[in-house]
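I opened the notebook to record what I looked up in this structure. The entries follow the order in which I worked.

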Amino acid sequence: MNLFANLKTRGTLVITHEDIDRAHDRARVLAARSRGNWFSRFRLLWLLIGPGILVMLGENDGPSMLAYAATGAKFGIGFFLPFIVLTFVMAIVVQEMTVRLGAATQRGHAELIFERFGPFWGWFSMIDLGIGNFLTLITEFIAIRAGLGFFGVPPWAAVLAALALLYTALMTHRYWTWERITLAIAAFNLVFIPVALLTHPDWHSVGHAFASWQPLPRMDQDTLLIVLADIGATVTPWMLFFQQSATVDKGMTRRDVSFGRVDTALGAALAAAAALATVIATTPLFTHHMSAEHFQAAEFAQALRPLIGNIGASLFALGMVEAGMVACVTISLSSAYAFGEVAARPHSLNLPVRQGKAFYSVVFLLAVLAALIVLIPGLPLVYVVLVVNVIAVLAMPPALAFLFLLANDRELMGDVVSPTWANVLAAAVVLFLIAAGVMFGISVIAPHLFAAAPR
Amino acid sequence: MNAEEKRGAPLHPSDEELVLSSLEPDQLAEAKKQRIPRRSLRKSELLVLWFLRVYLLFMIVVVVYQAWSGTH
């Protein structure tokens, strides 16, 4: 039985500004649902999409696009194209659970772990999330700085512009407005598709790669690092926390779960298209035998300039800026939602500043701190980027264990409890992530085991 | 039923009506303050959680070692 079925406020009913804003959004959803024609179905989809697309395009962030660029430059077209699609399928499996959890419980992920399993396990999750999110946030500013650096913008101006855009997006004090602005910016992630087309890809090789997963890369530490970076570019703990909280903040209910699934799958398809395009876009560096081992975002754009021209290179650099910018917003928010849930402070984008001081402060303080770190001269930025994706993969299995337990909690989930097929897929994802992590660990501890493997 | 805005400003009656007709009871900000009952973890679940915790800590050491050896 649903725990919330009998929940009613006693005595005085307290209605907040947040409730009124959310009620306006829900009224439009209810009106569209009541009509039942085809146009209304499309309108309903338009009203209910958001968290899934944002989380997927948000995860196509600075380090992710850098990982895809490095994949194309190092391995060209081959095994990694279908592999990247597989990672997005894993992302759909995992994120779909957060939609059901949010809609069924109307609670964020951090809050559920704390209340259901106690503060001991709650703090473990929060520490994983906090460290991971902050490191990732730094890498988003690295991407913004590097991308704008391509156009000659000095680092201080680049991070200041990013902070200003973050401020503007959040100061709408309205979830709906924020979501639509961020979706519009996130759509720019698809700029990698025209960049890929400018390289005149060999479509026969692309088709062959998808059909056969060939050519296979050599099994060594560098390959495993790219494998982990590509997985970490698609499934990470912040995504679980963000999508569940955004689902709640948007006001989605059990009746909206099927639309939440479409939203998630659509987001994955768009993000996968951008990711594949990035691999294809940097493949000319592989075919021209250009070493891209220590490239940053702007250096990829510079290296591509003689091959795809000024416009293509500029689009590539702008794509990196967008990737960092959108993730900067979504990752900061994921931390702020989690903080609000754990500290029992109001946490919604529908809050006016006065009521959501703590919530908005967390978003800005984290962003400002990450921005300042990026400005430290001589910081090994490339290394930070690679390590961040690897840590994200390693932190995922413990995060998924809690998600798995919660999504199977019949008392919380009621009729949207995880079906067997979802559990089988989720277990497969956890085992795959652990296996990838263990393989990477072995390659670090005993590199000779991989170095001798034939190509 | 009395309704009040948290900020102290009076609510418009249409707002109250809108909220009550559009939101489910557990969607109200006030309802979300209700605590969810604790669930005790089974031994097998605890074992898995501890295994994954140890796995993460071990792998972080591996990453730190790799980062250290990479920069030296």
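**Overall size of chain A.** I began with the radius of gyration: for 455 residues a compact globule would come near 23 Å, and chain A has 22 Å, which agrees. I note that this is a predicted model. Along the principal axes, the C-alpha atoms of chain A fill a box of roughly 70 × 50 × 45 Å. I then looked up burial and found that 59% of the 455 residues in chain A are buried. For contacts in chain A with a separation of 6 or more, I read that 85% join residues 24 or more positions apart.

**Elements.** I listed 20 helices and one strand for chain A. For chain B the list holds two helices and one strand, and they run β-α-α from the N terminus on. Chain B has 72 residues, of which 18% count as buried.

**Confidence.** I checked pLDDT before going into local detail. Chain A averages 87, and 93% of its residues score at least 70. Within chain A, the highest mean belongs to α5(A), at 95, and the lowest to helix α20 (residues 448-451), at 70. Residues 1-10 of chain A stay under 50, and the model has 16 contacts beyond four places in sequence for them.

**Where the two chains touch.** I counted 48 residues from chain A and 45 residues from chain B in the contact. On the side of chain A, the elements that give two or more residues are β1 (13-15), α1 (17-35), α6 (109-117), α7 (119-149), α17 (381-407) and α19 (420-445). Of these, α17(A) gives the most, with ten residues. I sorted the residues on this side of chain A by type and got 28 nonpolar, eleven polar and nine charged.

**Nonpolar cores.** Which residues have the most contacts inside the largest nonpolar core? I found V94(A), F141(A), L228(A), F316(A), C328(A) and L400(A), in a core of 162 residues. Helix α15 (residues 297-342) of chain A gives the most to this core, with 24 residues. As background, I note that nonpolar side chains tend to be buried together in soluble globular proteins.

I followed L228(A) further. Leaving aside its neighbours within four places in sequence, L228(A) is in contact with N389(A), V390(A), V393(A), A436(A) and F440(A). I also found a second, separate core of seven residues, which includes I20(A) from chain A and V19(B), L28(B) and A29(B) from chain B.

Is α4(A) largely enclosed or largely in the open? I count 13 of its 14 residues as buried, so α4(A) is largely enclosed by the rest of the structure. Helix α4 (residues 62-75) of chain A reaches 20 Å from its first C-alpha to its last, close to the 20 Å expected at 1.5 Å a residue. Just after α4(A), G76(A) takes a positive phi of about 65 degrees.

For α11(A), I find one buried residue out of ten, so this helix lies largely in the open. Just after α11(A) comes W213(A), with a positive phi of about 60 degrees.

I looked for residues with positive phi that are not glycine. W213(A) is one of them, and its place is in the loop between α11 and α12 of chain A. W213(A) has 15 C-beta neighbours inside 10 Å and so counts as partly exposed. Q106(A) is another non-glycine with a positive phi, about 60 degrees. Q106(A) lies in the loop between α5 (80-105) and α6 of chain A. With 23 C-beta neighbours inside 10 Å, Q106(A) counts as buried, because the cut-off is 20 or more.

My last entry is a cis peptide bond, from Q214(A) to P215(A), with omega near -5 degrees. P215(A) has its place in the loop between α11 (203-212) and α12 (221-232) of chain A, and W213(A) is in the loop between α11 and α12 as well.

Key: Residues are numbered from 1 along each chain as its sequence is written. Chains are lettered from A and ligands numbered from 1 in the order in which they are written. This is a predicted model: local features need pLDDT of at least 70, side-chain atom pairs count only at pLDDT 80 or more; totals for chains, interfaces and linings use all residues. Two residues are in contact if their C-beta atoms, placed from the backbone, lie within 7 Å. Helices (H or I, at least four residues) and strands (E, at least two) are DSSP runs, numbered from the N terminus. Ala, Val, Leu, Ile, Met, Phe, Trp, Tyr, Cys and Pro count as nonpolar, Asp, Glu, Lys and Arg as charged, and the others, Gly among them, as polar. A residue is buried if 20 or more other C-beta atoms lie within 10 Å of its own, exposed if 12 or fewer, and partly exposed in between; C-beta atoms are placed from the backbone. A nonpolar core is a set of buried Ala, Val, Leu, Ile, Met, Phe, Trp, Tyr and Cys residues joined through C-beta atoms within 7 Å. The expected span of a helix is 1.5 Å times one less than its number of residues. pLDDT is the predictor's confidence in each residue, from 0 to 100. The radius of gyration is taken over C-alpha atoms; the globule rule is 2.2 Å times the number of residues to the power 0.38.
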